[in-house]
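These are my notebook entries on a single model.

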Amino acid sequence: MTDAPVPKLLRTLAGERFERPPVWFMRQAGRSLPEYRELRTRAKDFLAFCYDPEMAAEATLQPMRRFPFDAAIVFADILLIPQALGQEVWFEAGEGPRLGPLPATESMRDEIEASTARLATIGETLSRVRARLEPERALIGFAGAPWTVATYMIEGRGSDRARARAFAYESADQLDQILEILVEATARYLVMQARSGAQVLKLFESWAEGLSEDVFDRVVIRPHQEIIRRVRAAGVKAPFIGFPRGAGALVDNYAQAVPVQAVALDTQASLAQGRRIQSGGKAIQGALDNLLLRTGGSRMDARIDALIEGWNGGPYIFNLGHGVLPDTPVAHIEQAVRRITGR
């Protein structure tokens, strides 16, 4: 009996490099695929879709059937945790998420243990996907990072996050309590995902831009460090990818301070910055512009070649600098993946 192959993504996260880097795309499962749009019509709303293990597993696997991606990422949403902690969450068609009033911190603290059980269907989705996914392809679990999730909880919707940044100064103690609650709930959620079949764990800090260095340390670096510490204390060894999107030069601080195995880079990251992180002993992921993916053509091919040439001297995972846009032609995704993989 032969051992199952180790997925290329896991080998890269362990420090290996390949002639062609492994590839997956953020939001590879979703509205850019016609089969996803058809599947979505069967759910009463977006959250019901996320909580239905069979539908969410199907959405996770759809891009894996179309493209030779090296990893699947579970279909879920970063705002499931605030809902599990007792805050009302819903999605307005064409406008995005909405959240009700911020619950009292004591009320949310009382819900931490129950929150993981309320998210158990995400674990079932992962188990279903892992059973149906080829062993050479990795399965990624994820969570929204505490600061990003807190911005939605405070503001009640997506925005420029000015109110949340002001909250970090004006209500510092309350924010610290919210972040601590989110750290514990997120760590428990990720442990559950790993035990359900996730082989890689990703922290999406989608709104890391605009923060001063001291605030970035307080609301991004320290919570990420603590989540990973708690996940490791639970015996989970799955590698972490951290994505401090928009952090600019502070990404270097993040790479040095947070014990992730890879740092995901956004569109603005320079080739030099990526190489610095690799020289510090970590893999990098990124950073094709999702607008360029939507545009396609020879400019996209040239940028793909430049990223591979610039970063594939060390452990590198090809990805986007942000998620696939809904109106991205499938043919352009095919073109990009063919350029990266040669098939």
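**Entry 1: helix α17**

I listed the buried residues of α17 and found Val330, His332, Ile333, Gln335, Ala336, Val337, Ile340 and Thr341. Buried here means under 20% relative accessible area, with exposed over 50% and partly exposed in between (1.4 Å probe, protein chains only). Helices (H or I, at least four residues) and strands (E, at least two) are DSSP runs, numbered from the N terminus.

I note that this is a predicted model, in which local features need pLDDT of at least 70 and side-chain atom pairs count only at pLDDT 80 or more, while totals for chains, interfaces and linings use all residues. Residues are numbered from 1 along each chain as its sequence is written, and side-chain values use heavy atoms, with hydrogens and water left out.

I then asked what covers the buried residues of α17. The cover includes α2, α4 (53-66), α15 (290-295), α16 (297-311) and β9 (316-320). Helix α17 itself (residues 330-341) has twelve residues and reaches 16 Å from its first C-alpha to its last, close to the 16 Å expected at 1.5 Å a residue; the expected span is 1.5 Å times one less than the number of residues. Just after α17, Gly342 takes a positive phi of about 80°.

**Entry 2: Thr12**

I located Thr12 in helix α1 (residues 8-13). Thr12 is buried, because its relative accessible area is 1%. Neighbours within four places in sequence aside, Thr12 is in contact (heavy atoms within 4.5 Å) with Phe18, Pro22, Ala283, Pro315, Tyr316 and Ile317.

**Entry 3: the largest pocket**

On a 1 Å grid over the protein atoms alone, a pocket is an open set of points with protein on both sides within 12 Å along at least five of seven lines, a cavity is a set where a 1.4 Å probe fits but cannot get out, and lining residues have an atom within 4 Å of a point. Grid points are joined across faces, edges and corners, and a volume is the space filled by probe spheres set on the points.

I read a volume of about 1300 Å³ for the largest pocket. Its lining has 40 residues, and Arg27, Arg31, Phe46, Asp77 and Phe91 lie nearest its centre. The largest share of that lining, three residues, comes from β2.

**Entry 4: the cavity**

I counted one cavity of 30 Å³ or more. The largest cavity has a volume of about 50 Å³. Its lining residues include Phe243, Arg245, Asp266 and Gln273.
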